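Here are a few notes to read alongside the structure. Take them one at a time, and find each place in the 3D view before moving on.

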Amino acid sequence: MTVLDTNPSDAFVNDRKHVFHSWSAQGALNPAVITRAEGSHFWTEDGTKYLDFSSQLVNVNIGHQHPKLVAAIKEYADKLCTIAPYHANDARSEAARLIVEAAGQGIAESQLDMVFFTNGGAEATENAVRMARLHTGRNKVLNHYRSYHGGTNGAITLTGDPRRWPSEPGMPGVVKFWGPYAYRSAFHSSSEAEEGQRALQHLDDVLMVEGAHTVAAIIIETVVGTNGILVPPPGYLAGIRERCDRHGIVMICDEVMSGFGRCGEWFAFQKWGVQPDLVCFAKGSNSGYLPLGGVVISRAIADTFKDKPFPGGLTYSGHPLACASAVASINIFKEEGIIEHARSLGSDVIAPGLAKLQANHPSVGEVRGLGVFWAIELVKDRATHEPLVPFNAAGADAAPMGELAAACKARGVWPFTHFNRVHVVPPCNTSAELVEEGLAVLDDVLTLADAHYTG
Ligand SMILES: Cc1ncc(COP(=O)(O)O)c(C=O)c1O
């Protein structure tokens, strides 16, 4: 017996009839039917092959259908598919040990040593905030406008981008501030260094008027993902750490997108040698082969819940099969040097490749990123930085980005686009040759963006 003996064309028909999709007006959808995937490629029902320059939702860090990861899942499924979270289990224990070990890489005397497992990223940010509030006895949470932290009630309130608007007012006690973004500075700065300093000064002002003693946590994406691939200027993370220490605030790094190789590190905060109190992870921890996320917890915060219960839980917290896939994935990362590969793809292939695109195309206003986590920011005018399409554009306003995405797909590259940006985010183990192939396609299609250039 096979799992599915339906006709592939039923997939589309039944999808349109019965599958209610995320973030979408259901009537307008025309999803591609995916039948196969391997490495950095996937195939649609009609046999069209795509180079995955999106890693789906920037989560398939290890590539599609990694044979050793698939084999590990099959092997563990034969052993134990599920068990309640209150039991101990070898896959869960080993996943926690390996994730704690990964979180401590390069950090002297890491304080991060326990893991609360969730099903994904939103539950990780929800529970991190819950821990911070109970640990400090305070309520307020500060975070960046340019951010995404998940789709559940608390996580969408934390989210800075427009996906929050329909769910407002959401969870009480969340206050937003501007993070550093030198290309579109909220602080009129003229350099990265100045941007970092002014962003911290702004945070000081926000802490002053909010009352730093009322703030439980500052939660940031270490490197902002969907909202722009915003790499923090030198000193910014250390500045957040210092303010958290000074005011007794919990520092939460949301590494759901930036973690597990994406930035050429196990976790992005390691690049700056700064250690948060709580770390949210999901996506790249097992590349989404099974749903998994969690919070890495410092000893001090874990101790808060030594004698008093932590008031949160999930039926699938530490799901054995998902945890077994994380164990296998982390070990494959080590065996295959995927972190190092991601780092060198960034410095040796993507950075120079994008610099060339910027030289070739007036519409490329800025390129930025690290590891396998890059953005091409498209503009109508390099002098004014007017974006190719307006903030949160939809319909006809967004057409230039729609054209660009369609042209990529027509040339066999599946892009990740957001607002006026194309993100270059293939799997972390994509070969240099394939990345160059994808960049050549971008070079070709960016002429479409240049046609809208008015500068
Ligand atoms: C930084 C960040 N945090 C949280 C989430 C939410 O994760 P999930 O969709 O697994 O709930 C995402 C998802 O894109 C994310 O990028």
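1. Let's begin with a pair of helices. The axes of helix 4 (residues 90–103) and helix 10 (residues 320–336) come within 8 Å and cross at roughly 40 degrees. That angle makes helix 4 oblique to helix 10. The crossing of helix 4 past helix 10 is left-handed. Please keep in mind throughout that this is a predicted model.

2. Which residues meet where helix 4 packs on helix 10? From helix 4 come Ala-91, Arg-92, Glu-94, Ala-95, Leu-98, Ile-99 and Glu-101. Helix 10 answers with Pro-320, Cys-323, Ala-324, Ala-326, Val-327, Ile-330, Asn-331 and Lys-334. Sorted by class, this contact has ten nonpolar residues, one polar residue and four charged residues.

3. Next, look at helix 11 (residues 338–360) and helix 13 (residues 432–450), which pack at an angle of about 20 degrees with their axes 10 Å apart. Helix 11 is therefore roughly parallel to helix 13, as angles under 35 degrees count as roughly parallel. Helix 11 passes helix 13 in a right-handed crossing.

4. Now for the residues in that contact. On the helix 11 side you can pick out Leu-345, Val-349, Ile-350, Gly-353, Leu-354, Leu-357 and Asn-360. They meet Ala-432, Val-435, Glu-436, Leu-439, Leu-442, Asp-443, Leu-446 and Asp-450 of helix 13. Ten residues of this contact are nonpolar, two are polar and three are charged.

5. Helix 13 also has helix 12 (residues 399–410) as a partner: their axes come within 9 Å and cross at roughly 150 degrees. Helix 12 and helix 13 are therefore roughly antiparallel to each other, since angles over 145 degrees count that way. Their crossing is right-handed.

6. Here Glu-403, Leu-404, Ala-407 and Cys-408 in helix 12 meet Val-441, Leu-442, Val-445, Leu-446, Leu-448 and Ala-449 in helix 13. This contact of helix 12 with helix 13 has nine nonpolar residues, one charged residue and no polar ones.

7. Which residues are around the ligand? They are Gly-120, Gly-121, Ala-122, Tyr-148, His-149, Gly-150, Glu-221, Asp-254, Val-256, Met-257 and Lys-283. A polar side-chain atom of Asp-254 lies 2.7 Å from a nitrogen atom of the ligand, while a polar side-chain atom of Lys-283 lies 2.9 Å from a ligand oxygen atom. Tyr-148 uses its backbone instead: one of its backbone N or O atoms is 3.4 Å from a nitrogen atom of the ligand.

8. Finally, two backbone details in loops. The peptide bond joining Glu-168 and Pro-169 is cis, with an omega of about 10 degrees. You will find Pro-169 in the loop between helix 6 (153–158) and strand 6 (174–177). His-188 is not a glycine, yet its phi is positive, at about 55 degrees. Look for His-188 in the loop between strand 6 and helix 7 (192–210).

Technical notes: Residues numbered from 1 in each chain as written. Predicted model: local features only at pLDDT ≥ 70, side-chain atom pairs only at ≥ 80, totals over all residues. Heavy atoms only, no water. Axes fitted to C-alpha atoms, helices over the stretch in contact; angles between N-to-C directions. Helix = DSSP H or I, 4+ residues; strand = E, 2+ residues; numbered from the N terminus. Parallel < 35°, antiparallel > 145°, perpendicular 65-115°, else oblique. Left-handed = near helix turned anticlockwise from the far one by under 90°. Contact = heavy atoms within 4.5 Å. Nonpolar A, V, L, I, M, F, W, Y, C, P; charged D, E, K, R; others polar. Near = heavy atom within 4 Å. Polar contact = N/O pair within 3.5 Å; in protein donor to acceptor, adjacent residues only side chain to side chain.
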